[in-house]
Amino acid sequence: MGEGEYLKGQKYAICDYTYTLITGAGFEVDRQGVASVTSEGNGVQVLWTASTAIRYKKTEKQLRSIADSFRVYSEGLDLSSSRIEYLDDY
């Protein structure tokens, strides 16, 4: 498990993991992935990425890049109606 630190000391754990997916037809598919885990407030936030184990060597770089880009903001996003511009306003 790796560790990163970003914005205002927020810490992220980068985790490698594997699991076996059982399809509806009963087939077993080995999967492998990378997850980014952090905690803000009372919750734990996770972004996980995955690929089939066979394709993992080809996709690992992209999966790590996606997991490394994960950020959580304690302030959230301001989606109040006062900040939204509607097409009818023009």
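The following conversation discusses the fold of a predicted model and some of its residues.

User: What helices and strands are there in the protein chain?

Analyst: In this predicted model, the protein chain holds four strands and one helix. Their order along the sequence is β-β-β-β-α.

User: And how much of the chain is buried?

Analyst: Of the 90 residues in the protein chain, 21% are buried. The accessible surface of the chain amounts to about 7,100 Å², and carbon and sulfur atoms account for 54% of that surface.

User: What share of the contacts joins residues at least 24 apart?

Analyst: That share is 31%, counted among contacts between residues at least 6 apart in sequence.

User: Let us turn to the sheet. How do strand 2 and strand 3 run, parallel or antiparallel?

Analyst: Strand 2, residues 10-22, and strand 3, residues 28-40, are antiparallel and are joined by 10 bridges.

User: What about the hairpin between them; which residue has a positive phi?

Analyst: Gly26 does, with a phi near 90°, and five residues lie between strand 2 and strand 3 in that hairpin.

User: How many bridges join strand 3 to strand 4?

Analyst: There are 10 bridges between strand 3 and strand 4, and these strands also run antiparallel. Thr38 faces Gln45 of strand 4 across this pairing, while Val34 has Thr49 of strand 4 as its bridge partner. The hairpin of strand 3 and strand 4 has two residues between the strands, and Gly41 there adopts a positive phi near 70°.

User: Where is the kink in helix 1 centred?

Analyst: The kink in helix 1 is centred on Gln62 and is about 30°.

User: Which residues of helix 1 are buried, and what covers them?

Analyst: Tyr56, Thr59, Leu63 and Ala67 are the buried residues of helix 1.

User: What does Thr49 touch?

Analyst: Leaving aside residues up to four places away in sequence, Thr49 is in contact with Tyr17, Gln32, Gly33, Val34, Leu63, Ile66 and Ala67. Leu63 and Ala67 are among the buried residues of helix 1. The C-alpha atoms of Thr49 and Leu63 are 5.9 Å apart, with 14 residues of separation along the chain.

User: Which backbone atom does the Thr49 side chain reach?

Analyst: The Thr49 side chain reaches the backbone oxygen of Val34, at 2.8 Å. Val34 is also the bridge partner of Thr49.

User: What about Ser51, buried or exposed?

Analyst: Ser51, likewise located in strand 4, is buried, with a relative accessible area of 7%. Its contacts, not counting residues up to four places away in sequence, are Asp30, Arg31, Gln32, Tyr56, Thr59 and Leu63. The side chains of Ser51 and Thr59 form a polar contact of 3.3 Å.

User: Where do side chains point along a regular strand?

Analyst: In a regular strand the side chains alternate between the two faces of the sheet.

Terms used
Residues numbered from 1 in each chain as written. Predicted model: local features only at pLDDT ≥ 70, side-chain atom pairs only at ≥ 80, totals over all residues. Heavy atoms only, no water. Buried < 20%, exposed > 50% of the residue type's maximum accessible area, 1.4 Å probe, protein only. Contact = heavy atoms within 4.5 Å. Areas by Shrake-Rupley, 256 points an atom, 1.4 Å probe, with all protein chains shown as cover. Pairing = 2+ DSSP bridges. Bend = angle between axes of the 7 residues up to and from the residue. Polar contact = N/O pair within 3.5 Å; in protein donor to acceptor, adjacent residues only side chain to side chain.
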